[in-house]
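Come along if you have the viewer open.

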Amino acid sequence: MEFAFYIAGLISILATLRVITHTNPVHALLYLIVSLIGFSVVFFSLGAYFAGALEIIVYAGAIMVLFVFVVMMLNLGKSVVEQERKWLQPRFWIGPAILSLVLLIVLVYAISSVTHGEINGEIIGAKEVGISLFGPYILAVELASVLLLSGLIVAYHIGRDQSHDDLVENEKVGEPK
């Protein structure tokens, strides 16, 4: 299982780098799916079968279908590819890279400071996770769903085709009253 852990981790890292550096949004989403499946294999290799299954069902399945739907709905063309190439210049990603490095250092420090006695390795089933999510955290789960829905609506309004709206507006102006 250790071999599967390292290979899946390496594939996830490489696929995530391709997500960040790819200019075509559909190809970037496909690499993101590969990355998420790699993460699920990491969970399976660690013995967290429920988390691995959730990773595939929720993230690689449902959320990625939503992302593909949004990209298709926005109808991104060649102008977006040029904009992505401009954004991939080092002056745009040096700041986020430094912040990510600081977060990585904090994460490594936090993981290394955990003593082995604090994690007892209990097996938690799907029922306990559901009761925990939809019990005391129901408000947070519902707020997250509203936030995702509002993000989808904003993405639609930002990315919709303005020429179609102008055409409809011109047709209304030419109608007899």
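My entries follow, from the overall fold down to single residues.

**Ground rules**

I am working with a predicted model, in which local features need pLDDT of at least 70 and side-chain atom pairs count only at pLDDT 80 or more, while totals for chains, interfaces and linings use all residues. I number residues from 1 along each chain as its sequence is written, and my side-chain values use heavy atoms, with hydrogens and water left out.

**Entry 1: the overall fold**

I looked up the secondary structure and found eight helices and zero strands. Helices (H or I, at least four residues) and strands (E, at least two) are DSSP runs, numbered from the N terminus. Read from the N terminus on, the elements run α-α-α-α-α-α-α-α.

Next I checked burial. I call a residue buried under 20% relative accessible area, exposed over 50%, and partly exposed in between (1.4 Å probe, protein chains only). Of the 177 residues, 13% count as buried.

For the surface I used accessible areas from the Shrake-Rupley method with a 1.4 Å probe; for residues, only the protein chains shown count as cover. The protein exposes about 13800 Å², and carbon and sulfur atoms supply 72% of that area.

I then turned to contacts, meaning heavy atoms within 4.5 Å. Among contacts between residues at least 6 apart in sequence, 58% join residues at least 24 apart.

**Entry 2: helix H1**

I tested the length of helix H1 (residues 2-21).

Which residues of H1 are buried? I noted Ala8, Gly9, Ser12 and Ala15. They cover an arc of only 140 degrees around the axis, which puts them on the same side of H1. The arc is that of the directions from the helix axis to the C-beta atoms. On the other side of H1, I found Glu2, Phe3, Tyr6 and Ile13 exposed. The cover over the buried residues of H1 includes H2.

I zoomed in on Ser12, which lies in helix H1. Ser12 is buried, with a relative accessible area of 0%. Not counting residues up to four places away in sequence, Ser12 touches Ser35, Gly38 and Phe39.

**Entry 3: the nonpolar core**

A nonpolar core here is a set of buried Ala, Val, Leu, Ile, Met, Phe, Trp, Tyr and Cys residues joined through side-chain atoms within 4.5 Å. The largest one has five residues: Leu29, Leu36, Ala60, Met64 and Val71. Helix H2 (25-45) and H3 are the elements that give two or more residues to this core. H3 brings the largest share, three residues.

Leaving aside neighbours within four places in sequence, Met64 is in contact with Leu29, Leu32, Ile33, Leu36 and Tyr59.

**Entry 4: aromatic pairs**

I paired rings of Phe, Tyr and Trp (its six-membered ring) if their centres lie within 6.5 Å; planes under 30 degrees apart count as stacked, over 60 as edge-to-face and the rest as tilted. How many aromatic pairs does this rule give? The count comes to two.

The rings of Phe5 and Tyr6 have centres 5.2 Å apart and planes at 80 degrees, so this pair is edge-to-face. The rings of Phe44 and Tyr49 have centres 6.1 Å apart and planes at 35 degrees, so that pair is tilted.

Phe5 is partly exposed at 29%, whereas Tyr6 is exposed at 52%. Phe44 is partly exposed at 26%, and Tyr49 is exposed at 51%.

**Entry 5: links across the sequence**

Val70 is in helix H3 (residues 49-74) and counts as buried at 14% relative accessibility. The C-alpha atoms of Val70 and Leu152, 82 residues apart along the chain, are separated by 7.4 Å. Not counting residues up to four places away in sequence, Val70 touches Leu152 and Ala155.

Where is Arg160 found? Arg160 is in the loop between helix H7 (138-159) and helix H8 (162-174), and is partly exposed at 33%. The C-alpha atoms of Arg160 and Leu74 are separated by 6.0 Å, though 86 residues apart along the chain.

Last, I checked Ile124, in the loop between helix H5 (90-113) and helix H6 (126-134). Ile124 is exposed, with a relative accessible area of 52%. The C-alpha atoms of Ile124 and Ala48, 76 residues apart along the chain, are separated by 9.5 Å.
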